[in-house]
Each structure stands twice: as structure tokens, then as C-alpha cells.
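Here's a quick tour of a few side-chain pairings and the loop residues around them. Have the sequence and the 3D view open as you read.

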Amino acid sequence: MNDELHDKAIDEGPDEGQFVPNVDIPEPPHPINWNLLTAHDLEQELLELNRWVDWLRHTYGLPASVIPPYWHHRPELLWELSALHLHWLCAYDPDQNGSAPLGWHRDFADARQRLRDWVTASGTRLDRDRPTRQTTWPGEEPADHMDETPITNRDEDFVQFVLDQVQQRQDAEDAFYASIDDQTGER
């Protein structure tokens, strides 16, 4: 992600009433498997989801107990919000029937409760964050103690998070392609 993208990630955060959904979507909505995205697609999907989540929290006045600032650090919140976003895109598709938005709002009520549960379990809050606690099963090594870290600048953290995630994904892609034998095309 270059400086232009950094500025885009910060500057394109929607002001209330400014987000225009479905404008930048070049294809029909589809489920996102965050584990399988290329580095480029990961970057694009994270930026799009971030814009939508910001719109959602402002439009519905959602507290940090439902959508905390560091939602992007918690996989359980990322997957839940991604599914909710997809559902919203489909419900508000112009080809959808007129009752689809009502179904989305009904499901949104259920999703808000699940989001509260995830936030409670994860330990992320408005002003501080810690990794989600993991239950140690018999025979596993006990988990390390997890300290809370203060949240000082959410937007800067999000940009750095995207940079780090994209770089990790790109490194994995590069390692995979480097392992392929040019002669046989096999690993």
C-alpha cells in the first residue's frame, strides 16, 4: 500500500451521509473467504469493509460494545461483519424484492447480539485492546498472558494493519510461487 492508498484509507472514511454503497463494486456480491484472498484482493476487501463498517456504525449509532475501533484485529468480528456486509449488499441489490431490506434488519438485530458476544469474549474496547483469550485444552501449552494495549489512533492502526496483512499475504504468495519447479510446474 503506497502513500496514495494510505491517504485514501484515511480520507475516504465516510462522513455521515457521504458513503454511497455499491458504487465501486465491479461484480455481483459474493462471499469472501478471508483465508484465500490474494494480497491485492485482501487489501481491496479490507478497505471496502472498513468503509462500510464506518458507515454502519455512524448510521445506526452503534457503540463500541457492538463495533469496537479495533474490530479489524479480531478475526471473529471480521468474519461476522463481512457476512453482515454481504447480506446488506444482497438485500439492497436493485434486483432484490422489496422485503429484503426488512429481512436484513431482522438479521442485523441478531448479528448485533453476536457482535456483543464476540466483543465481550475478545476483550477489545473503545480505548484498549487485547488478543482474544484462547481456551487451553488438556495437553496443550498454556497460553501466554495477554496485556492490554491502549488505542490511541484507530485510523493509523488500521492502515498499518492493512499494510502488515497485505505484506504477510504477499510473502506467502511469493514463497509459494518460488517453490514451484519451472520445468514441471509442481512443488
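What follows is a short walk through one loop and some of the salt bridges in this predicted model.

Let's start with Met146, which sits in the loop between β1 (128–129) and β2 (149–150). Its relative accessible area is 22%, so Met146 is partly exposed; the cut-off for buried is under 20%.

Which residues does Met146 touch once neighbours within four places in sequence are set aside? They are Arg130, Pro131, Thr132, Arg133 and Gln134. Take Arg130: Met146 and Arg130 are 16 residues apart in sequence, yet their C-alpha atoms are 6.4 Å apart in space.

## Thr132 in the β1–β2 loop

Thr132 also belongs to the loop between β1 and β2. With a relative accessibility of 17%, Thr132 counts as buried, because that value is under 20%.

The Thr132 side chain has two polar contacts to look at: one with the side chain of Glu76 at 2.7 Å, and one with the side chain of Arg74 at 3.3 Å. Leaving out residues up to four places away in sequence, Thr132 touches Arg74 and Glu76, plus Ala121, Ser122 and Met146.

Side chains of opposite charge can pair when their charged atoms come close.

Next up is Glu80 with Arg114, a salt bridge whose closest N and O atoms are 2.7 Å apart. This pair also links distant parts of the chain: Glu80 is in helix α3 and Arg114 in helix α4 (residues 100–122), 34 residues apart. Are the two partners buried or partly exposed? Glu80 is buried, at 12% relative accessible area, whereas Arg114 is partly exposed at 38%.

Asp127 is partly exposed, with a relative accessible area of 43%, and Arg128 counts as partly exposed at 32%. Which residue joins Asp127 and Arg128 in a network of salt bridges? That's Glu148.

Methods:
Residues numbered from 1 in each chain as written. Predicted model: local features only at pLDDT ≥ 70, side-chain atom pairs only at ≥ 80, totals over all residues. Heavy atoms only, no water. Helix = DSSP H or I, 4+ residues; strand = E, 2+ residues; numbered from the N terminus. Buried < 20%, exposed > 50% of the residue type's maximum accessible area, 1.4 Å probe, protein only. Contact = heavy atoms within 4.5 Å. Polar contact = N/O pair within 3.5 Å; in protein donor to acceptor, adjacent residues only side chain to side chain. Salt bridge = Lys/Arg side-chain N within 4 Å of Asp/Glu carboxyl O.
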